[in-house]
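Hi everyone, thanks for making time.

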Amino acid sequence: MKIAVCIKRVPDMETRFKIAANGTSVDESGLKYDMSDFDGYAVETALQLNEKQGPGETVVISLGPDVVQEQLRKALSMGADRAVQLKADRVPADGLAIARALAAELKEGGYDLILFGRQAVDSANATVGPMTAELLGLPCATAVSTLDIANGRATARRDLEGATEVVEFALPAVVSVDEGMPRARYPSLKGIMAAKKKPLEVKPAQLGDERISIEKMELPPERAAGRIVGEGPGAVPELVRLLHTEAKVL
Amino acid sequence: MANTFAFAESRGGALRRVAFEAVSAARALADASGGGEVHALLAGAPGVAALASELGKYGADVVIVVEHAGLANANAESLAATAAARIKAGGYRAAIFSASAQGRDLAPRVAAQLGVSMAADVTSFEFAGDALVVRHPAYAGKVIATLKLTGSPAIVTLRPGARAAVEAAREARVESAQPASDPGASKVVVKEMIVGGGAKLDIGDAPVIVSGGRGLKSAENFKLVEDLAAAFGNAAVGATRAVTDDGWRPHSDQIGQTGRQVSPELYVALGISGAIQHIAGMRNSRTIVAINKDKEAPIFKVADYGIVGDVIEILPVLTAAVKEARAKG
């Protein structure tokens, strides 16, 4: 199958973030970057599908400045065949602008399957995948936890709150992947060497109008420090009393 | 005065709590920006119209009811087309969906169909002139972004639990409508809908969440967590990523940055050390209780009340005490 995987470069979420002096972005100094967790699952999913189902091509695409080539190279070192950078000086806050640029790139690509992570872990919008599907007029299943493909048809499970949906659709299609899908493999040394020779094409991103601007970024208020009620089972009565009389949740 | 649109989510012939939150938020937005009506879209299998009056209670002036046998399960393509057609025809200034699993699937499709931008998973919103200004937790909840959305209509998904539904009762007028696209012609077909765990509360709906981590030591010990949930009577069971990765609990129970984000009235963290990935999913809970054997565990930094000790030893005592407190009322 010819599979496209759209990935995003994101900072490590374990970081203690600081707000940059401009007040509208996080301070990037000292941040470590990787591809977004779910995007890693998407790359892994594509690789496994093509490994299992015979000859195919996995193409990874990322939108942003030249630093996104780091994440594209990582995907290549995992085993993707080629990469495309849709060059933009920054990643817009407007998901529709990103979806437009991706759809323009994907439209004539002849892909059987277009994969996304459920959401980027930094901006946490989960909008670009389904928007891209809509712009391409393709069937779309979001946040799938399983994906089986046979004879040009896909079956996937989607975990909803308190329920699971099993959906079926024909390819070509757009799918975003959630927890439950395979974790990204670690690139092998051989993979890292091979990735250096794989094609990475750079094209301008066709973003169009942007209608969302970031006005401010701030750190959320710290929670007031709590207290240790006591140690061991003996502290339970005091805890229950506090939940009843003070927190009024019991 | 332009009106405001809300998508009223239902499942299996019942409205979900997020439907009231969306309608109530639309009411508040309308009232704060010069008035206008709130129009709620309610779609489902024949019979769903009976739910319309419940939406009036939270401030809907008009309930647009779309009944079709093909909408018994969520049919994203038909619902998105129906919502988009209605939003376009209605000239709304804003359209509000929940940032539930269904809302997060539908709203981007609607926005792309209408060619307008949207803000996802917002915790508040207000008009500033013609622009909608929203707040959106990003970076695993460690940064709050304020975004300005121009273009009309402004489409948002509202984080479940971010704003409680407030009653603003009125007699809603009911309008019947047809799906804008035939549900039977959708390219993605729902083959099966498995409603999890019988009558159990979902973690997104429960006012109390009792959640277990590696400190529980085994999948079997989650029985103790379930017992505590049963003692509360209004609690759901959640878990950390480590636990769902180990297969002790299903992935759908995971609370955290890559799982569900919750904000219940009470969150009880049992044997959870408090990795950033987990805290990102529960830090907005109203009251947090933590039980952990390590008094230096980061979970105690966000907990209102903590007990240091062996969770397996403490749980049965806590369950009995909660049962007794509930019995006293």
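Let's begin with B:Ser211, which stands opposite B:Gly238 in β15(B). That pair belongs to β14 of chain B, residues 208–212, which is joined to β15(B) by five bridges, the two strands running parallel. A word on terms: helices (H or I, at least four residues) and strands (E, at least two) are DSSP runs numbered from the N terminus, and two strands pair if DSSP finds at least two bridges between them.

Before going further, please keep in mind that this is a predicted model: local features need pLDDT of at least 70, side-chain atom pairs count only at pLDDT 80 or more, and totals for chains, interfaces and linings use all residues. Residues are numbered from 1 along each chain as its sequence is written, while chains are lettered from A and ligands numbered from 1 in the order in which they are written.

Back to the sheet. It is open, has six strands with parallel pairing, and reads β13(A)-β18(B)-β17(B)-β16(B)-β14(B)-β15(B). Which strands stand at the edges? They are β13 of chain A and β15 (235–239) of chain B; each has a single partner strand, so one side of each is left without a neighbour in the sheet. Neighbouring strands here are turned by 20° against each other on average, direction ignored.

In β13(B), B:Val190 stands opposite A:Val167.

How many residues of the two chains are in contact? There are 69 from chain A and 71 from chain B, where contact requires C-beta atoms, placed from the backbone, within 7 Å. On the chain A side, β9(A) gives the most, with eight residues. By class, that side has 39 nonpolar, 13 polar and 17 charged residues. Here Ala, Val, Leu, Ile, Met, Phe, Trp, Tyr, Cys and Pro count as nonpolar, Asp, Glu, Lys and Arg as charged, and the others, Gly among them, as polar.

Now for the helices. α4(A) and α4(B) pack at about 40°, with axes 8 Å apart, and are therefore oblique to each other. On that scale, under 35 degrees is roughly parallel, over 145 roughly antiparallel, 65 to 115 roughly perpendicular, and the rest oblique. The contact involves A:Pro130, A:Met131, A:Glu134 and A:Leu135 of α4(A), with partners in α4(B) including B:Asp105 and B:Arg109.

Finally, chain A by itself. Its secondary structure comes to six helices and 13 strands, and its C-alpha trace spans about 65 × 45 × 40 Å along the principal axes. Of the contacts with a separation of 6 or more, 71% are between residues 24 or more positions apart. Thanks, and I'm happy to take questions.

Definitions and conventions: Axes are lines fitted to C-alpha atoms, for helices over the stretch in contact, and angles run from 0 to 180 degrees between N-to-C directions.
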